[in-house]
Amino acid sequence: LLLRYLKKIFYNSVAELRVIMLKKRVEEALNAQINAEIWSAHFFLAISLHFAENGYPGFAARMKYQHQEEHRHALRLMDYVIEQGGKVELQDIMDIPSDFGDPVESFEQVLVHLMRITDTFDTLLDVVCDEKDRATRAVLDWFVLNQVKEEAEISQIIAYLKRMTNENGYYMMDLELIKKY
């Protein structure tokens with residue numbers, strides 16, 4: 001009898017059954033990160049287009065790869081929010097830059113952007129730790145390690161590009177990235 005009563009209350013429709021396991025602050029912080037990742041994906045797509053339009057197919061391929069990576073990050077976070085019974089709130093994508101300069105300037109902008117994304121993950125982790133949400137913390141650890149890897153790779157590309165003294169050097173680096181991506 002109790003089971004029937006519970007079924008009537010909780011299982012009237014599948015759409016009504018939603019167990020929320022995320023605290024509101026964590027859900028809001030995750031949504032902010034999801035939107036940052038989506039913006040980031042568009043940022044990298046814009047840089048990819050910039051490189052393609054300026055005759056650097058290897059640099060364009062590397063940035064397109066980064067675009068896809070950021071998109072996957074957003075999807076992974078969305079899936080987690082939904083699995084935890086939360087609601088994903090998407091925002092408009094605004095103010096994507098379109099002028100990035102030469103390859104060194106462009107990759108320097110990429111590094112600054114990646115560092116900002118790392119900062120947003122740090123802010124998210126602060127909220128998660130304050131709320132003592134160990135499950136979300138475990139999920140986010142992968143993202144933090146991935147950010148460290150991405151920043152190191154872009155820093156290395158910048159160092160190589162700065163050692164090159166002319167367009168021929170940029171061209172050689174571009175060819176290397178074509179092979180890799």
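Helices are taken as DSSP runs of H or I with at least four residues, numbered from the N terminus, and the expected span of a helix is 1.5 Å times one less than its number of residues. The structure is a predicted model, in which local features need pLDDT of at least 70, side-chain atom pairs count only at pLDDT 80 or more, and totals for chains, interfaces and linings use all residues. Residues are numbered from 1 along each chain as its sequence is written, and side-chain values use heavy atoms, with hydrogens and water left out.

Helix α6, formed by residues 167-180, comprises 14 residues and reaches 20 Å from its first C-alpha to its last, close to the 20 Å expected at 1.5 Å a residue. Its buried residues (under 20% relative accessible area, 1.4 Å probe, protein chains only) are Gly169, Tyr170, Met173, Asp174 and Leu177. These lie on the same side of α6, because they cover an arc of only 140 degrees around the axis, the arc being that of the directions from the helix axis to the C-beta atoms. An α-helix has 3.6 residues a turn, so residues three or four places apart point the same way. On the other side of α6, Asn168 and Lys179 are exposed, a term denoting over 50% relative accessible area. The cover over the buried residues of α6 includes α3 (57-83), α4 (103-130) and α5 (134-163), with contact defined as heavy atoms within 4.5 Å.

Positive phi values occur in two loops. Asp95, in the loop between α3 and α4, has a phi near 60 degrees although this residue is not a glycine; Asp95 is exposed, with a relative accessible area of 69%. Lys132, located in the loop between α4 and α5, is likewise not a glycine and has a positive phi of about 55 degrees. Lys132 counts as exposed, at 63% relative accessibility.
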